[in-house]
Amino acid sequence: MEEKKPVTSMRVAELVMAGLFLAFGALVMWDSRRLGSAWAEDGPQAGYFPFYIGLLIVVSAAAIIFRALNLGEKGREAFVEWGQLRMILTVMIPTLIYVALIRNPWFDLGIYVASAIFIAFFMRHLGKYGWARIVPVSIGVMVFFFFMFEVWFKVPLPKGPLEAAFGFS
Amino acid sequence: MQEIQSLMGGFAIAMTWFNLALMFAGVTLGVLIGVLPGLGGANGVAILLPLTFSMAQQPGGATSAIILLSCIYWGALFGGAITSILFNIPGEPWSVATTFDGYPLSQKGRAGAALTAAFTSSFVGALVAVVLITFISPVIARFALKFGPPEFFSVYLLTFSAFVGMAKGTPFKTIAAMMSGFALAAVGIDTVTGQLRLTFDFPELLKGFDFLIAVIGLFGIGEILLTIEEGLEFKGAQAKLNMKVVIDTWKELPKYWRTSIRSSAVGCLMGIVPGGATPASFMAYGLAKKVSKDGEHFGTGKVEGVVAPETAAHAAGTAALLPMLTLGVPGSPTAAVLLGGLLIWGLQPGPLLFVEQADFVWGLIASMYLGNIVGLIVVLTCVPLFASILRIPFAIIAPVILVICAIGAYTVHGSMFDVWLMVGFGILGYVFKKLDYPMAPLVLALVLGDRAEDSFRQSMLGSQGSLSAFFANPLVGTITGVALLLLFWPLISKLISLARGRSSAG
């Protein structure tokens, strides 16, 4: 039963998103003011166009907030359920770790090794595969990509110690 | 018939072995992209765009590059029908209407007939739209050569107003998404004054937001997250497509010539307007249901119910390239990515393209004819292969697609920051989808932002800051007027229905 419980309602999600738009629009307006959003002698200043863009974002965000407050029954519906959120996090968190593994200030694993680990983790954790399936698939896919990008199309991707050991850097 | 002559020249350019091989590769990749969750026409083309950088630098290479990318687009358009019919999962938004009769047909064991009907009518729709492009676009381009900055800005205004006017939900969400696209496009160095805008001293923001990153994240990661949330498992009908079924279906199809013509017309008209493919497919389905004498049986598995939306969607998807080529205004996110490709390869989209890069334009138009023929052959012969790809478990397909998105984002500028940004756009895409914010206006605004702003500034300079520039002559005044009408259409239609309600009550 826990799984079906809503994390937040549609109304809250609508309000948060519109609030973010409101802040973003205000930020755009503020920065455009700083640059000058008026008419200079030689034409419109740098902030002239963005200022009105920001203004339109603020106005529409306000309208969305007004609508969200009057949503009625639909506003009580679940934006996301706990079970769904858990599924999304089991994908999002490994993805974030994966991107961090490719290159970070302390250690560069390179995109090929990080991707192979990422695919292997996914197959193990979500697919419950045996290693006899995981190893050939994860390594095979990345070897294919390696040849495609580094050899055929000559588009260099981030590489780490393993590629260096084979003479690619 | 100067167009025929130019077209023949185009065929001469497009009909090299290398370009034909690219067409086959592009269409096959495109169908694959259209079939896979998380990859569609827009982000598929966006991911593959960086691979064409070196190709486009060779002489005539830009034509080969656009042939490859546009064929991926045709392939993706074909591919959307496969998942709709076999798995009841629309691969692309404009394939939703195809599921109405396509999936019931495949449940009745007539998947082959549904697929043949879908592919053939896609082909017919595309062909009508390409003929339209062949003969209309030179006329529009010639006409648009006289355009100055105010005219161009009014065309941009028309494009973006169309999004607001045709929005399904509240127009404010469309405006918020669109204006955020414009704001993101403004980030970085202002090309006119050289000032830094919206960078807040972050060196990463100096070069601004690349729309390719946004497209890959919004459409790719966002889609994967939505799929995972539904805990989706593919359960589909078997796909067998033998020559006998194909020929039997082809014998049946001419009966529906009225539906084909009607749907092609709807598709071409709606395709020129941005975001038109999806409404076009629904409109064509609705019209066919209303007009056909078999109408009440629609939804139970009628071949005609597949013909109508597929013809319209493919006609609209193809016609979306018409404003892209002639005016530099893309009609769909995928057309926007193709337009971005032109800019990256150093070509200036717009009316001058027809004069300065005639080889490129006519090569592309000729390749549309050939690419769709190639596409029809590929999909008719390879359906079992593509359907088997959908049987690869999600636990393998999902991480591979995420890896492809990461690689695609990195290759745009060779920057890890872009990969993080792509993940961020992915989360945004998920929230956008759940809260019914449209993504296409954001992408189009991000692509066109700088050009729209430039034309706005130049018009303002010409008129010394007076908005009267957009009503200065009948041409620009008409375009602006239509744009404003579309922009306020949600309000106007509400007022009309209010007035009607009152008169009928009183």
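By the grid rule applied here, one cavity of 30 Å³ or more is counted. On a 1 Å grid over the protein atoms alone, a cavity is a set of points where a 1.4 Å probe fits but cannot get out, and a pocket is an open set with protein on both sides within 12 Å along at least five of seven lines; lining residues have an atom within 4 Å of a point. Grid points are joined across faces, edges and corners, and a volume is the space filled by probe spheres set on the points. The model is predicted, so that local features need pLDDT of at least 70 and side-chain atom pairs count only at pLDDT 80 or more, whereas totals for chains, interfaces and linings use all residues. Residues are numbered from 1 along each chain as its sequence is written, chains are lettered from A and ligands numbered from 1 in the order in which they are written, and side-chain values use heavy atoms, with hydrogens and water left out.

The largest cavity holds about 30 Å³ of space. Its lining consists of Leu77(B), Gly80(B), Ala81(B), Trp94(B), Ser95(B), Ser122(B), Glu310(B), Ala313(B) and His314(B). Two or more of these residues are given by each of helix H5 (61-87) and helix H14 (303-319) of chain B, where helices (H or I, at least four residues) and strands (E, at least two) are DSSP runs numbered from the N terminus. Four lining residues are nonpolar, four polar and one charged; Ala, Val, Leu, Ile, Met, Phe, Trp, Tyr, Cys and Pro count as nonpolar, Asp, Glu, Lys and Arg as charged, and the others, Gly among them, as polar.

The second largest pocket has a volume of about 1,200 Å³. Of its 40 lining residues, Leu56(A), Leu157(B), Ile175(B), Leu487(B) and Phe488(B) lie nearest the centre. The largest share of this lining, nine residues, comes from H2(A). By class, the lining comprises 31 nonpolar, seven polar and two charged residues.

The contact between the chains (heavy atoms within 4.5 Å) takes 63 residues from chain A and 55 residues from chain B. Together the two chains bury about 5,400 Å², 81% of it on carbon and sulfur atoms; buried area is the accessible area (1.4 Å probe) that two parts lose on being put together, summed over both. Leu51(B), Ile407(B) and Met416(B) supply 11% of the area that chain B buries against chain A, more than any other three residues.

One salt bridge is found across the interface, a salt bridge being a side-chain nitrogen of Lys or Arg within 4 Å of a carboxyl oxygen of Asp or Glu. Glu14(A) pairs in a salt bridge with Lys173(B), the closest N and O atoms lying 2.6 Å apart. On the side of chain B that touches chain A, H19(B) gives the largest share, 12 residues. That side has 41 nonpolar, seven polar and seven charged residues.

Over all chains, the search finds 13 salt bridges. Within chain A, a salt bridge joins the side chains of Asp31(A) and Arg34(A) (2.9 Å, N to O). These residues are separated by about one helical turn because they are three residues apart in helix H1 (residues 10-35) of chain A.
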